[in-house]
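User: I would like a close look at a single part of this model, worked through with the cut-offs spelled out.

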Amino acid sequence: MTNYMGASSFGSFAPVGESVTGSNTEGPGRRYLAVEIGETCQLTCRHCIYHRPKSRTPMPNERVLDQVMSTVQTVYRPLWITLAGKEPTIYRRKLVEVARGVRSPDTLNILMTNGLLLNDQLIDELADLIDLFDISVDGTRAAHDWMRGEGTYDRTWDRIGAILTRTDRRIGLIATAIHGRLDNGKRQTDTLVSLAKEIVERCGADGRVVLATSLYYGPPDDPMLLQPADLIDLISGLSTSGCPSRVLLTANYAHQWPQVSRALGIQSTPEDFDTMTGLPVVRFGSVTVILFNLSQVPQVSARISNDGLVFLGCNHLTLGDAAADHAIADLSREPLTGVLEQLADGSRPVYAKFQAIPAACDSCPDLGICNAGDRLSGTYFQRGAIDPFCTRAVAPLHPRTAMLDS
């Protein structure tokens, strides 16, 4: 079956890399499910990829969520299920209901949140329902407040402290790395290294709190997309912090990995695979780089929007209302069970788009390192299943990525 995760922002992937095996080519595909609890957020973050205008129906979709709970309880057990949104804690009663409704000893329940509305009562209600709290922290105080709003940094850390005090659960701090500078001229990626050091000072380095760096996703001409030099400095800097860190190298940055890995002097192709997920990992000091595009085990990642549309990965979020044209299913027309089963066994027609390697990639010496890049984004940006970020695949279309060949 074709393996396609795209830009799967389904959480911090905090446990990935803690137990590894030398090979992981056998066994069933790993399944991941993300579900939106409503479509509202109280923030307007400057780096948010959720570009859909305000929904006409922002309240949680009861019909869709009932179908999700029924499906997960009876026939479909994902490896983990992520409760997302825009901001799921806005609808706290429905969040608790769904977290309880999908609870299973075989599934990791993850909450993705900015954390600001996690008051003590809600934390207590979720303590036995959520395995991993994924909280957004985008650098030091100056960087985080620059991206998310004045005062949000201190309020977020207050809630992180409450989770640590009131539960025994793990926390994945998700920091979005962008190519850009703060108002004070400091590179945003540099602040993530400072954040890693602060995490060690506040929380220690025992792994209960893990820093996961999510690489910014946007269209090919987006100025916030990271460049190879950003990744090289980020990985190198994080490795010196001693903080347990993940760099989530999603498919849209696969084309940069050959250059980045060579500059760092580390193994370009993975020798270790996470025991739980089968995802390939490369270690560099305290950093674990997760190479989504080089997974040898089929990875089935589906996200269900509040409208009941089903998407592969999270790439669609940057398309706003136009994303609906790229949905692979509509739960008002067909049951979730059948959709997920077809994704898992590879029979869903969407996979036919990715069967052939593009001709531009077939003769590329780095094909074995990037695995033809992010072809899912190619379908979203209307150029067919060809990585739109790679200059060698679509050089005339995207001259800004020419630095890859320099």
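Is Arg348 buried or exposed, and what is its relative accessible area? Please go on from there to the helix beside it and to the other charged and aromatic pairs.

Analyst: Arg348 is buried, with a relative accessible area of 9%, where buried means under 20% relative accessible area, exposed over 50%, and partly exposed in between, with a 1.4 Å probe and protein chains only. The model is a predicted one, in which local features need pLDDT of at least 70 and side-chain atom pairs count only at pLDDT 80 or more, while totals for chains, interfaces and linings use all residues. Residues are numbered from 1 along each chain as its sequence is written, and side-chain values use heavy atoms, with hydrogens and water left out.

The partner of Arg348 is Glu334, and the closest N and O atoms of this salt bridge are 2.7 Å apart; the term stands for a side-chain nitrogen of Lys or Arg within 4 Å of a carboxyl oxygen of Asp or Glu. The pair links distant parts of the chain, 14 residues apart, with Glu334 in the loop between β14 and α9 and Arg348 in the loop between α9 and α10. Helices (H or I, at least four residues) and strands (E, at least two) are DSSP runs, numbered from the N terminus. Glu334, with a relative accessible area of 27%, is partly exposed.

Helix α9 itself spans residues 336-345, and Leu336, Val339, Leu340 and Leu343 are buried in it. Seen down the axis of α9, these buried residues fall within an arc of 90 degrees, so they line one face of the helix, the arc being that of the directions from the helix axis to the C-beta atoms. An α-helix has 3.6 residues a turn, so residues three or four places apart point the same way. The cover over the buried residues of α9 includes β2 (30-36), α1 (62-74), β12 (299-304), β13 (309-312) and β14 (329-330), where contact means heavy atoms within 4.5 Å. After α9 comes Gly346, with a positive phi near 85 degrees.

Leu343 also belongs to the largest nonpolar core, which has 118 residues, and is named with Val68, Leu126, Leu173 and Trp257 as touching the most other members; such a core is a set of buried Ala, Val, Leu, Ile, Met, Phe, Trp, Tyr and Cys residues joined through side-chain atoms within 4.5 Å.

Elsewhere, the count comes to 25 salt bridges. One of them joins Asp158 and Arg159, with the closest N and O atoms 2.9 Å apart; Asp158 is partly exposed at 46%, whereas Arg159 is buried at 13%. Another joins the side chains of Arg187 and Asp190 (3.0 Å, N to O).

For the aromatic rings, a search of the whole structure finds seven pairs; rings of Phe, Tyr and Trp (its six-membered ring) pair if their centres lie within 6.5 Å, and planes under 30 degrees apart count as stacked, over 60 as edge-to-face and the rest as tilted. The ring centres of Tyr217 and Phe381 are 6.4 Å apart and their planes stand at 25 degrees, so the pair is stacked. Both Tyr217 and Phe381 are buried. Phe381 and Phe389 have ring centres 6.3 Å apart and planes at 85 degrees, so this pair is edge-to-face, and Phe389 is buried at 3% relative accessibility.
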